[in-house]
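Here is a quick tour of one chain, written for someone who would rather look at the fold than read a log file. Have the sequence and the viewer open side by side.

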Amino acid sequence: YARAERSVGQSLEVAKNRGKTAKLPHLGGQRLAQMTAIAETCDATARQTAALRAALAEWHNVELRRPFFAHGIATPLQDNHSSWYVMFDFTAYRSNQPAPERWTLSKSEADDFENRLSLAFAGLSRELGQLKKRLSA
């Protein structure tokens with residue numbers, strides 16, 4: 001997650017330095033939203049825009065689980081068949097109220113998520129790299 005936030009931040013810096021109206025917000029989610037907005041305004045072919053839009057959307061899908069890793073407590077579990085699970089607990093605060101959340105994954109679900117995370121990061125990194133090249137041209 002940190003590598004993706006860095007890549008988004010660097011892309012925003014390039015956009016700002018190239019005259020795009022770009023803010024550099026403090027929170028990672030806000031930077032991702034800013035990057036999504038800027039992506040729509042950059043000179044690119046329809047295919048390039050679609051690829052960047054898809055990469056940002058896929059990253060957003062895995063980004064939704066980031067709070068469990070950043071703020072959650074992970075508890076490893078094992079069932080009677082020696083299969084392992086991991087349970088993430090964290091408390092979000094919405095409208096001045098605690099909102100406990102839990103996410104439990106089996107080993108295969110954890111492996112699948114790790115694969116999705118890796119692929120989403122690779123796609124995001126690739127498309128942001130292309131965007132930075134277009135902005136620098």
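What follows goes from the overall layout to the helix pairs, then the sheet, and ends with a few single residues.

**The overall layout**

Keep in mind that this is a predicted model. The chain has five helices and three strands. Read from the N terminus, the elements go α-α-α-α-β-β-β-α. Taken along the principal axes, the C-alpha atoms fill a box of roughly 60 × 35 × 20 Å. Of the 137 residues, 33% count as buried. As for contacts with a separation of 6 or more, 47% of them come from residues 24 or more positions apart.

**Two helix pairs**

Two packed helices are described by the angle between their axes and the distance between the axes. Here are two pairs from this chain in that form.

| Helix pair | Axes come within | Crossing angle |
|---|---|---|
| α1 (residues 2-17) and α5 (residues 107-136) | 10 Å | roughly 15 degrees |
| α2 (residues 28-39) and α3 (residues 46-63) | 10 Å | roughly 165 degrees |

Start with α1 and α5, whose axes cross at roughly 15 degrees. An angle under 35 degrees counts as roughly parallel, so α1 is roughly parallel to α5. The crossing of α1 past α5 is left-handed. On the α1 side, the contact is made by Arg 3, Ala 4, Ser 7, Val 8, Gln 10, Ser 11, Val 14 and Ala 15. On the α5 side, Phe 121, Leu 124, Ser 125, Leu 128, Lys 132, Leu 135 and Ser 136 take part. Sorted by class, this contact has eight nonpolar, five polar and two charged residues.

Now for α2 and α3, with axes that cross at roughly 165 degrees. Angles over 145 degrees count as roughly antiparallel, so α2 is roughly antiparallel to α3. α2 passes α3 in a left-handed crossing. In this pair, α2 brings Leu 32, Met 35, Thr 36 and Ala 39, and they meet Leu 52, Leu 56, Trp 59, His 60 and Glu 63 of α3. By class, the α2 contact with α3 has six nonpolar, two polar and one charged residues.

**The sheet**

Next, the strands. They form an open sheet of three strands in the order β1-β2-β3, with antiparallel pairing. β1 (73-78) and β3 (97-106) are at the edges with a single partner strand each, so one side of each has no neighbour in the sheet. On average, and with direction ignored, neighbouring strands in this sheet are turned by 25 degrees against each other.

If you zoom in on β1 and β2 (residues 84-94), you will find six bridges joining the two antiparallel strands. Among the bridge partners, Ile 73 goes with Asp 89 in β2, and Gln 78 goes with Trp 84 in β2. The hairpin of β1 and β2 has five residues between the strands, and Ser 82 takes a positive phi there, near 65 degrees.

How many of the six residues of β1 are buried? The count is zero, and β1 is hardly covered.

Ser 7 sits in helix α1. Is Ser 7 buried or exposed? Its relative accessible area is 10%, and buried means under 20%, so Ser 7 is buried.

Glu 127 is part of helix α5. It is charged by class, yet at 10% relative accessibility Glu 127 counts as buried. Which residues is Glu 127 in contact with, leaving aside neighbours within four places in sequence? They are Gln 48, Ala 51, Leu 52 and Ala 55. Leu 52 turns up again on the α3 side of the contact with α2.

Ser 108 is also found in α5. With a relative accessible area of 47%, Ser 108 is partly exposed. Ser 108 and Ser 83 are 25 residues apart in sequence, and from C-alpha to C-alpha they are 10.0 Å apart in space.

Terms used. Residues numbered from 1 in each chain as written. Predicted model: local features only at pLDDT ≥ 70, side-chain atom pairs only at ≥ 80, totals over all residues. Heavy atoms only, no water. Axes fitted to C-alpha atoms, helices over the stretch in contact; angles between N-to-C directions. Helix = DSSP H or I, 4+ residues; strand = E, 2+ residues; numbered from the N terminus. Parallel < 35°, antiparallel > 145°, perpendicular 65-115°, else oblique. Left-handed = near helix turned anticlockwise from the far one by under 90°. Contact = heavy atoms within 4.5 Å. Pairing = 2+ DSSP bridges. Buried < 20%, exposed > 50% of the residue type's maximum accessible area, 1.4 Å probe, protein only.
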